[in-house]
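Please look over the model shown below before reading on.

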Amino acid sequence: FDMDYPWQPDTFSNRLVEVLGAKLSKSRISDSATVDPSAHIDGPIVVGEHSVIGRNAHIRGPAWIGDRTNVTEGSHIGRHSMIGDDCVIGPYAKVNGFLGNDCHITYLGEFRGTMLDGGRVTHQIQLSGVFGLGAEIGAGTQCGTLRFDDGPIEVEVLGQRKVANGFSGVLFGDYARTGVGALMMPGRIVGPCSMVGAGIVLMKNLPAHKALILKQETELVDWSPEIYNR
């Protein structure tokens, strides 16, 4: 499998777990791991040393969870997902895909795709795509997954638009960040060490080492407490 385009690590990961999943016939849960009695497990899973599957967590196998990883209350891990060591999922988060080591997908975060080591996804976020090392996503960030015309997602690579068959979401560089409430259109590339500012709707690729900041006009007016005395 040749990886020529930036979305293809996700394609490769999906193919890999199909092969590994076919070989996983029964669960392998480490003796040092803890699985809450209320957790729902459907299908074979692998759970590493000292990991914790919390109350009312849902895991659909085949799935793989590394060492010292905490899948907290009410979180969902989808079929064919792989989660690395020292990760925190939830509470009430959803993961469908591949997380490296030391990734955090926290309260009400939803993630689908591939994320390398050290990713931080804060609360109430919907993400899809490929995310590099140390990606930090601000609260309320949303990621587009479908085009308005229902066509395939296209990614601009070196000035040429390429159809990214089977890919959904954005491509996010190493150590890039978003501010609160950022919106990213599908197929966009955020370069490494860049920042998508709070409230931005990202319509075009963002080059490396750049920050895109929203400019707005504001007006300060009088606001008397008397308006509430009705």
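What follows is a set of questions and answers on this predicted model.

This is a predicted model in which local features need pLDDT of at least 70 and side-chain atom pairs count only at pLDDT 80 or more, while totals for chains, interfaces and linings use all residues. Residues are numbered from 1 along each chain as its sequence is written, and side-chain values use heavy atoms, with hydrogens and water left out.

Q: What share of the residues of the protein count as buried?
A: A residue is buried under 20% relative accessible area, exposed over 50% and partly exposed in between, with a 1.4 Å probe and protein chains only. Among the 230 residues of the protein, the buried share is 42%.

Q: What does the cover of the buried residues of α1 include?
A: Helix α1 covers residues 8-23 and reaches 23 Å from its first C-alpha to its last, close to the 22 Å expected at 1.5 Å a residue, where the expected span is 1.5 Å times one less than the number of residues. Its buried residues are Gln8, Asp10, Ser13, Val17 and Gly21. With contact meaning heavy atoms within 4.5 Å, what covers these buried residues includes β7 (63-65), β10 (82-83), β12, β14 and β16 (125-131).

Q: Which class of aromatic pair do Tyr92 and Tyr107 form?
A: Rings of Phe, Tyr and Trp (its six-membered ring) pair if their centres lie within 6.5 Å, and planes under 30 degrees apart count as stacked, over 60 as edge-to-face and the rest as tilted. A search of the whole structure finds four aromatic pairs. For Tyr92 and Tyr107, the centres are 6.4 Å apart and the planes stand at 90°, so the pair is edge-to-face.

Q: Where in the chain do Tyr92 and Tyr107 lie, given that the pair links distant parts of the chain?
A: The two residues are 15 residues apart. Because its relative accessibility is 39%, Tyr92 counts as partly exposed, and Tyr107, also at 39%, counts as partly exposed. Tyr92 lies in the loop between β11 (88-89) and β12 (94-99), and Tyr107 in the loop between β13 (104-105) and β14 (109-115).

Q: Is Asp42 buried or exposed?
A: Asp42 has its place in strand β3 (residues 40-42), and its C-alpha is separated by 4.8 Å from that of Arg60, 18 residues apart along the chain. Leaving aside neighbours within four places in sequence, Asp42 is in contact with Ile59, Arg60 and Gly61. Because its relative accessibility is 52%, Asp42 counts as exposed.

Q: What kind of peptide bond joins Gly61 and Pro62?
A: Most residues other than glycine have a negative phi, and most peptide bonds are trans. Pro62 lies in the loop between β6 (58-60) and β7. With omega at about 5°, the bond that joins Gly61 and Pro62 is cis.

Q: What is the phi of Leu108?
A: Leu108 lies in the loop between β13 and β14, and is partly exposed because its relative accessible area is 34%. Its phi has a positive value in a residue other than glycine, near 60°.

Notes:
Helix = DSSP H or I, 4+ residues; strand = E, 2+ residues; numbered from the N terminus.
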